[in-house]
Amino acid sequence: MRFTLGKDTKLKSKKAIEQLFTDGKSIRKGPVRCVFNLVEGDTAHKIGVSVSKRFFKKAPDRNRIKRLLREAYRLNQHHLIIDKEGKHLEIMFLFQSPKMPEYAFVEKQVKKLISDLNKHYQKSLD
């Protein structure tokens, strides 16, 4: 199994991001918040990451946390349920804490969020 994040898995559309924050649901595990929405389409799950300037003023710090979030998702994305009926998840991970995290902590939180996403995903399919 290849653990990659290609162009087709990036959430980049401004319209999709706005719809995600207006219609989506939210889960929080520690300082990591996940906003998600189940949408129609035959593509893979799409993700985005964000770190607020309010907590980290310096761009290198924000970029490091975004890299940690993407890496944690990339290595654990195979745990996320994939549907065959033409629906997929759009997910935005937000880090909301002023403390610089370690990778192990971020990965633990992302794993918990993915398991919760699976529960919500199963409920919405029923």
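In the hairpin of β1 and β2, Gly-30 takes a positive phi near 65 degrees. Two residues lie between the strands of this hairpin. The model is a predicted one. Strand β1 covers residues 25–29 and strand β2 covers residues 32–40. They run antiparallel, and five bridges join them. Arg-28 has Arg-33 in β2 as its bridge partner.

How far can the model be trusted? The protein chain averages a pLDDT of 88, and 94% of the residues score at least 70. Confidence is highest in helix α2 (residues 59–76), at a mean of 94. Confidence is lowest in helix α3 (residues 103–125), at a mean of 87. Where pLDDT is low, coordinates should not be read in detail.

Now the aromatic rings. Searching the whole structure gives two aromatic pairs. One joins Phe-56 and Phe-95: the ring centres are 6.4 Å apart and the planes meet at 40 degrees, so the pair is tilted. Phe-56 sits in the loop between β3 (46–51) and α2, while Phe-95 belongs to strand β4 (residues 87–95). The pair therefore ties together parts that are 39 residues apart in sequence. Phe-56 has 6% relative accessibility and Phe-95 has 1%. Buried means under 20%, so Phe-56 counts as buried, and so does Phe-95.

Tyr-73 and Phe-93 form an aromatic pair that is also tilted, at 5.9 Å centre to centre with 50 degrees between the planes. Tyr-73 lies in helix α2 and Phe-93 in strand β4, so this pair links parts that are 20 residues apart in sequence. Both Tyr-73 and Phe-93 are buried.

Terms used:
Residues numbered from 1 in each chain as written. Predicted model: local features only at pLDDT ≥ 70, side-chain atom pairs only at ≥ 80, totals over all residues. Heavy atoms only, no water. Pairing = 2+ DSSP bridges. Helix = DSSP H or I, 4+ residues; strand = E, 2+ residues; numbered from the N terminus. pLDDT = per-residue confidence, 0-100. Phe/Tyr/Trp six-rings, centres within 6.5 Å; stacked < 30°, edge-to-face > 60°. Buried < 20%, exposed > 50% of the residue type's maximum accessible area, 1.4 Å probe, protein only.
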